[in-house]
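Colleague: Could you take me through how some of the helices pack in this model, and through what sits around them?

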Amino acid sequence: RNSFGVPASQNALVEGREAGGRPAVVSPAAALERVSGAADTRVAGRCGRRRVGRGVCASSTTSRSPTPPEVCAGAEECQDGDHAARARGPRDARARAGRAARLPLDLAALEAYTSHRLKNPLSDLLAREALSLLGANIAAVCAAGEGQPAGAEARGAMLLGSCYAGLAFANAPVAAVHALAYPLGSTFHVPHGLSNSLMLPHVLDFNARSEQATSLYAELAPIVCSRQLGECAASAAVAAGAFVDHFARLPAELGLPTTLREVGVAEADIGSLAANAMLQTRLLPNNPREVHLDDAERIYRAAL
C-alpha cells in the first residue's frame, strides 16, 4: 500500500506503475486522463469505488450522495492502453466524464491568468495559448464522445493546450473556483472536473464585479468568444460580460450538469460547504477579488 493506504494494484492505475512496481509505459493521452480526472471511470470500474483524491478511492457506501451511474457504467470496456477504442467513440457515460475532465483545463489556464499573487509574463503567455487551443477544440473533441471520431489535429491541440495550461498554473496558482470546488469533492465525491465546472460560472460572475477581474477577463475575451464580440471594439465591461456569459453557457452546451442539486447538494449543506471552502487558504489569496464567508455562501446558493 502507498502512503494513502491504497493497494499498489489500484494505485498503479493512477501513478503509472505496474502492479509489480515496475514503471509502466503510459501514453500522453492516458497521462492527461489521469491528471485531469477522466480516468476516474476506469478506476471506478476496476475496484468498484470512486476516486476522491489523488490515488485515493472511497467506497460508494461512504458517500452522502449515490454513485452517479455514469461513474461506473461501461468502465469495464476500457482496458489499459486501449486508447484507440476511446478515440473511435466512447460510450455516452464515458463521454460525460471526459467532458467534465476537459473543461477544468480551460479554467486552470483562466485562473492562472487572473492569479492575484503570482501572475507573471510566462504564466500569461502559457495561459493565453492554452485557452486558444482548448477553446477552439473542446466542442469538437467532446462531440466525438457521442460516437463520432475526433480528428487527430483536434485531439492533439487539446493535449498541447492541456500541457500549456498545466505549465501556466504551475507558475501562477489557481484560486476561488478550485477552492469552492474542493468541498464538493470531499463531501459529495463529485469528480474534480465536474465540481469545478459547477462553480466556474458563479465565481466568474462574482469576480467580474471587481475592476481587476473585469480588465483581465476583457483581455481574454477575444481568445474564447470572438464571435460574440464581433468586429467592433468592445469596452472592457462588455468584453468581460461576454467572457463570463461564454463560460456560463459552456457546461450546458457540453452536456454537463449545471446545478449543485443535480449532484446531491441541498440548501442545508451551504453553510458547511462555505466554511470548508474558507479553509483553502493556499488558493483563496490568489483570487482577483477577496472572498469572505458570506461571499462563499452566496456563490454556492447561486449554483444550487
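Colleague: Which word describes how helix 10 and helix 15 lie to each other?

Modeller: In this predicted model, the axes of helix 10 (residues 192-207) and helix 15 (residues 293-303) come within 9 Å and cross at roughly 130 degrees. Angles of 65 to 115 degrees count as roughly perpendicular and those over 145 as roughly antiparallel, so the two helices are oblique.

Colleague: How do the residues of the contact of helix 10 with helix 15 divide into nonpolar, polar and charged?

Modeller: From helix 10 come Leu 198, Met 199, His 202, Val 203 and Phe 206, and they meet Asp 295, Ile 299, Tyr 300, Ala 302 and Ala 303 in helix 15. The residues of this contact divide into eight nonpolar, one polar and one charged.

Colleague: Is Ile 223 buried, partly exposed or exposed?

Modeller: Ile 223 lies in helix 11 (residues 211-224) and, leaving aside its neighbours within four places in sequence, is in contact with Arg 128, Leu 131 and Ser 132. Buried means under 20% relative accessible area and exposed means over 50%; because Ile 223 has 25% relative accessibility, it counts as partly exposed.

Definitions and conventions. Residues numbered from 1 in each chain as written. Predicted model: local features only at pLDDT ≥ 70, side-chain atom pairs only at ≥ 80, totals over all residues. Heavy atoms only, no water. Axes fitted to C-alpha atoms, helices over the stretch in contact; angles between N-to-C directions. Helix = DSSP H or I, 4+ residues; strand = E, 2+ residues; numbered from the N terminus. Parallel < 35°, antiparallel > 145°, perpendicular 65-115°, else oblique. Contact = heavy atoms within 4.5 Å. Nonpolar A, V, L, I, M, F, W, Y, C, P; charged D, E, K, R; others polar. Buried < 20%, exposed > 50% of the residue type's maximum accessible area, 1.4 Å probe, protein only.
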